[in-house]
Amino acid sequence: MSEYKILPVINSPADIKKLPKNQLEPLCTELRQYIIEQTANNPGHLGASLGTIELTVAIHYVFDTPTDKLVWDVGHQAYAHKILTGRREAFENNRKLNGISGFPKMTESPYDAFGGGHASISISSILGMAVAADLSGNKTRNHIAVIGDGALTGGEAFEGLNHAGNAKANVLVILNDNGMAIDKNVGAMSKYLVKLSTSTTYNRFKTKIWNLLSGKGLKARSVMQNTQNMVKGSLLKESNLFESLGFRYFGPVDGHNILYLVDVLSRLKNLKGPKLLHCITMKGKGLKKAEESQTLYHAPGLFDPVSGNILQPEFDPYKIEKYQKVFGTTIIDLAEQNEKIVGITPAMASGCSLDMMMQCFPNRCFDVGIAEQHAVTFSAGLATDGYIPFCNIYSSFLQRSYDQIIHDVALQNLHVVFCIDRAGLVGEDGATHHGVFDLAYLRCIPNMIVSAPMNEMDLRNLMYTATQTKSPFSIRYPRGKGVLQQWKNEPFSLLPIGKGIEVKKGQKIAVLGIGHITNNVVKADKILQQEGFDIGIYNMIFLKPIDESLLDFVCQNYEQIVTIENGVKTGGLGGVVAEYMKQHNYNNPLTILGIDDVFVEQGSVAQLQSLCKLDVDSIVKTIKEL
């Protein structure tokens, strides 16, 4: 780090406080460059963290963390926070196996007051800490929640705001308003913030009031607050949302003016009660390419740290497409055939490839913001009127809408198709994002069909089959490439519900798989055949209803049975098979391959599959031992 002058001596927020104020801006410059250099070679969430550099430095300069509690929401905007709180060298292993997490993590550092891989959790959690301090008689501790990158579109954020304002708790909510989540923000809240932040009349008034009272003490500013709110209401009719919830609203302010931020935060530090500071920032700030293409540079992968150009892999004439492309292409094909098909996503349009349908059928696609609960019930409402909603939600985010899946969809047996993206081990995002629970938590819900494709044609045919049913239908698939080159424009086939497929007949040992992970069994089989082993392979396709006739055949014709799934062992395919065997008095030895009762940390998908004994080599070893 020879080119850095200030950053190498910053090992904690205490070191930041030692700096004269004229060194804060150079520190921000070095910190921004360090994040760019590190993420260029070790990919992560770039854009959001570049936008919070000045805000992070100002918070740690003014407040006494970790005594004062600080929660980041969404957590991927906290890279600067991690680097400034003793993890600068560890940041080189950010998101790697046995390295630090890409999100705040309580067990990793006392400066991470709360873990945050999912959006909209900051206000509720910081309120809990503020109330706890009050109950303990601690009247001096400060509580700061930084909410941004679209997290304010989540319903839990509003629930927290409503309670915090009513509770009169000592919290400071900093709204990092960059106009973006992963894709551009949508909805009334986004439009409201734009209107608020662009009201020149109101902002002129706000500045005059602040300057007028700057030398007259907190009491004068407090006395004037009510007058200010009344004037604000007359200047901008829609500006009273936060005040109506019981917050004192300040801003908007320039989130990249470090000295001004320090001044504002210093003034707010001793002002008790619920406060909201509205900061305007730019996602990707400091890297021209990231500023210009904010969605693309949310997590760009490998890129050149100087030019900002994303490093593209070499052209592959036999390119295998990702499952996300298969979904995006297939839903267009289906929508062309059936005008009742609509697409819904909670702020993940580009990630799940629903943006492809948005270009073709903009009136039949809905990005509802980071609001999974609403996405599910909104889909249920569409289904009541004969529409077929394809609700695409990442597996780990679908957990947030569990009650709506049960109460609003399954209980009423409504025809909602859940396309569950990022299922299984997702890699470097780690424990907060692994989609390993969906098979288990969906299987127990009445009326729900649970399925998983082994390849691209399975996915296309499952999506088509889902349109021909009348029940809730879930299809889960991983992030990343499939296995087939030819799937586009292939005719659809109606799959019989609850029927599996014999991939290969064998001797003695049968392996039952569900989903893409079954391809690892096929690869393992090629190695095993060379050594004289001959296993049977079965693609179950459906977890619920399970293919009972296939289970009977396997139990009656093979000595031992192995199940494999890219999900938790508890309640998944292995559990279904074990239950069925017990009920029907089959005594075949059963080996269940899946994820143990632990939270799996970050690492590459290959590393994590090896760790969980789901990789090809582990499957070969398991079969040999059996």
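Tutor: Contact, as the word is used here, means heavy atoms within 4.5 Å. The model is predicted: local features need pLDDT of at least 70, side-chain atom pairs count only at pLDDT 80 or more, and totals for chains, interfaces and linings use all residues. Residues are numbered from 1 along each chain as its sequence is written, and side-chain values use heavy atoms, with hydrogens and water left out.

Student: Which residues of α17 meet α19, then?

Tutor: On the α17 side they are Q373, V376, T377 and A380, and their partners in α19 are Q404, I405, D408 and V409. By class, this contact has four nonpolar, three polar and one charged residues. Here Ala, Val, Leu, Ile, Met, Phe, Trp, Tyr, Cys and Pro count as nonpolar, Asp, Glu, Lys and Arg as charged, and the others, Gly among them, as polar.

Student: At what angle do α17 and α19 pack?

Tutor: Helix α17 (residues 372-384) and helix α19 (residues 402-410) pack at about 10°, and their axes are 9 Å apart. That makes α17 roughly parallel to α19. Angles under 35 degrees count as roughly parallel, over 145 as roughly antiparallel, 65 to 115 as roughly perpendicular and the rest as oblique. The axes are lines fitted to C-alpha atoms, for helices over the stretch in contact, with angles from 0 to 180 degrees between N-to-C directions.

Student: What about Q404: buried or exposed?

Tutor: Q404, which sits in helix α19, is buried, with a relative accessible area of 12%. Buried means under 20% relative accessible area, exposed over 50%, and partly exposed in between (1.4 Å probe, protein chains only). Residues up to four places away in sequence aside, Q404 touches Q373, V376, T377 and V409.

Student: Stepping back, how many helices and strands are there?

Tutor: The secondary structure comes to 26 helices and 17 strands. Helices (H or I, at least four residues) and strands (E, at least two) are DSSP runs, numbered from the N terminus. Of the 626 residues, 59% count as buried. Among contacts with a separation of 6 or more, residues 24 or more positions apart account for 77%.

Student: Changing topic, how many aromatic pairs are there?

Tutor: A search of the whole structure finds 13 of them. In Y79 and F91, the ring centres are 5.1 Å apart and the planes stand at 70°, so this pair is edge-to-face. The rings of Phe, Tyr and Trp (its six-membered ring) pair if their centres lie within 6.5 Å; planes under 30 degrees apart count as stacked, over 60 as edge-to-face and the rest as tilted.

Student: Where do Y79 and F91 lie?

Tutor: Y79 lies in helix α5 (residues 79-87) and F91 in the loop between α5 and α6 (122-135), so the pair ties together parts twelve residues apart in sequence. Both Y79 and F91 are buried. Together with Y4 and Y34, Y79 and F91 form one aromatic cluster.

Student: And Y538 with F553, what sort of aromatic pair is that?

Tutor: Y538 and F553 are also edge-to-face, at 6.5 Å centre to centre with 65° between the planes. Y538 in strand β14 (residues 536-539) and F553 in helix α23 (residues 548-557) are 15 residues apart, and the pair links distant parts of the chain. Y538 is buried at 1% relative accessible area, whereas F553, at 30%, counts as partly exposed.

Student: Which residue lies over the face of Y387?

Tutor: K340 does, at 4.1 Å from the ring centre. R364 is placed over the face of F361, at 4.5 Å from the ring centre. A charge sits over a ring if NZ of Lys or CZ of Arg is within 6 Å of the ring centre and within 35 degrees of the ring normal.

Student: Now the backbone. Which peptide bond from T65 is cis?

Tutor: The bond from T65 to P66 is cis, with omega near 5°, and P66 lies in the loop between α4 (53-62) and β1 (69-73). A cis peptide bond also joins D73 and V74, where omega is about 5°. V74 belongs to the loop between β1 and α5.

Student: What is phi of N98?

Tutor: Phi of N98 is near 65°, a positive value in a residue other than glycine. N98 is in the loop between α5 and α6 and is exposed, with a relative accessible area of 76%. N447, not a glycine either, has a positive phi of about 75°. N447 is found in the loop between α20 (438-443) and β10 (449-451) and is partly exposed at 38% relative accessible area.
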